[in-house]
Amino acid sequence: MLSVFKSIPTHMDYKGQKLAEQIFQGVILVSAVIGFIYGFTIQQFGWTVYIMLAGFMISCLLTLPPWPVYRKNPLNWQPALPETSGENRDKPQENQKKKKHK
C-alpha cells in the first residue's frame with residue numbers, strides 16, 4: 001500500500017512555485033473583494049467571511065497539490081562525479097605544500 005503513495009509525485013519546479021503563489025494570491029484577492037462588496041451590500045459581515053473562506057479553500061485546492069502544470073520546467077542536475085580511491089579524497093588544500101610567511 002505504501003508503494004501507491006510513493007508513486008505520487010510531490011515536487012514542483014521553481015516556475016511552478018511562482019505560478020502557484022500567483023494563483024493563490026489572485027484567488028484570495030478576488031474572493032476578498034467579492035466578499036467585501038457582497039457583505040457590504042447586504043450588511044452581513046458573516047457572508048464576507050464565508051466568501052473569503054470559500055476562496056481560501058478553492059485556492060488551496062488549486063495550488064497545494066503538485067498538479068502537472070506546476071512541473072513543466074524541471075531542473076537539469078549535473079551528473080554525479082565518479083567515485084575515486086581513498087588516496088585522492090583528501091581536501092585539495094591538504095595536498096599542497098604549506099608556505100611559511102616571514
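Modeller: Happy to! Let's start at Thr63, which, leaving aside its neighbours within four places in sequence, is in contact with Met12, Ala20, Ile23, Phe24 and Tyr70; contact here means heavy atoms within 4.5 Å. Please keep in mind that this is a predicted model, where local features need pLDDT of at least 70 and side-chain atom pairs count only at pLDDT 80 or more, while totals for chains, interfaces and linings use all residues. Residues are numbered from 1 along each chain as its sequence is written, and side-chain values use heavy atoms, with hydrogens and water left out.

Thr63 sits in helix H3; helices are DSSP runs of H or I with at least four residues, strands are runs of E with at least two, and both are numbered from the N terminus. With a relative accessibility of 7%, Thr63 counts as buried. For that label the relative accessible area must be under 20%, whereas exposed means over 50% and partly exposed is in between, using a 1.4 Å probe and protein chains only. A polar atom of the Thr63 side chain also lies 2.6 Å from the backbone oxygen of Ser59.

H3 has 19 residues and spans 27 Å from its first C-alpha to its last, close to the 27 Å expected at 1.5 Å a residue; the expected span is 1.5 Å times one less than the number of residues. Its buried residues are Thr48, Gly55, Ser59, Cys60 and Thr63. They share one side of H3, because they cover an arc of only 135 degrees around the axis, the arc being that of the directions from the helix axis to the C-beta atoms. H2 is among the elements that cover these buried residues. On the face turned away from the buried side, H3 carries the exposed residues Tyr50, Met57 and Leu61.

The aromatic rings come next. The structure holds four aromatic pairs, where rings of Phe, Tyr and Trp (its six-membered ring) pair if their centres lie within 6.5 Å, with planes under 30 degrees apart called stacked, over 60 edge-to-face and the rest tilted. One of them joins Phe36 and Phe40, which are stacked at 6.0 Å centre to centre with 20 degrees between the planes. Both of these residues lie in helix H2 (residues 14-42), four residues apart, about one turn of the helix. Phe36 is exposed at 54% relative accessible area, and Phe40 is exposed at 57%. Trp47 and Tyr50 make another pair, this one edge-to-face, with 6.0 Å between centres and 90 degrees between planes. That pair belongs to helix H3 (residues 45-63), its members three residues apart, about one turn of the helix. Trp47 is partly exposed at 43% relative accessibility, while Tyr50 is exposed at 54%. Together with Tyr38, these two residues form one aromatic cluster.

Between H2 and H3 there is a loop, and Gln43 lies in it. Gln43 has a phi near 60 degrees, a positive value in a residue other than glycine. Most residues other than glycine have a negative phi. The side of accessibility is simple here: Gln43 is exposed, with a relative accessible area of 59%.

In the model, residues 22-40 are 100% helix and 0% strand, with end C-alpha atoms 27 Å apart. Residues 47-67 are 81% helix and 0% strand, and their end C-alpha atoms lie 31 Å apart.

Of its 102 residues, 12% count as buried. Among contacts with a separation of 6 or more, 72% come from residues 24 or more positions apart.

Definitions and conventions
A polar contact is a pair of N or O atoms within 3.5 Å; within protein, one must be able to donate a hydrogen and the other to accept it, and residues adjacent in sequence count only if both atoms are side-chain atoms.
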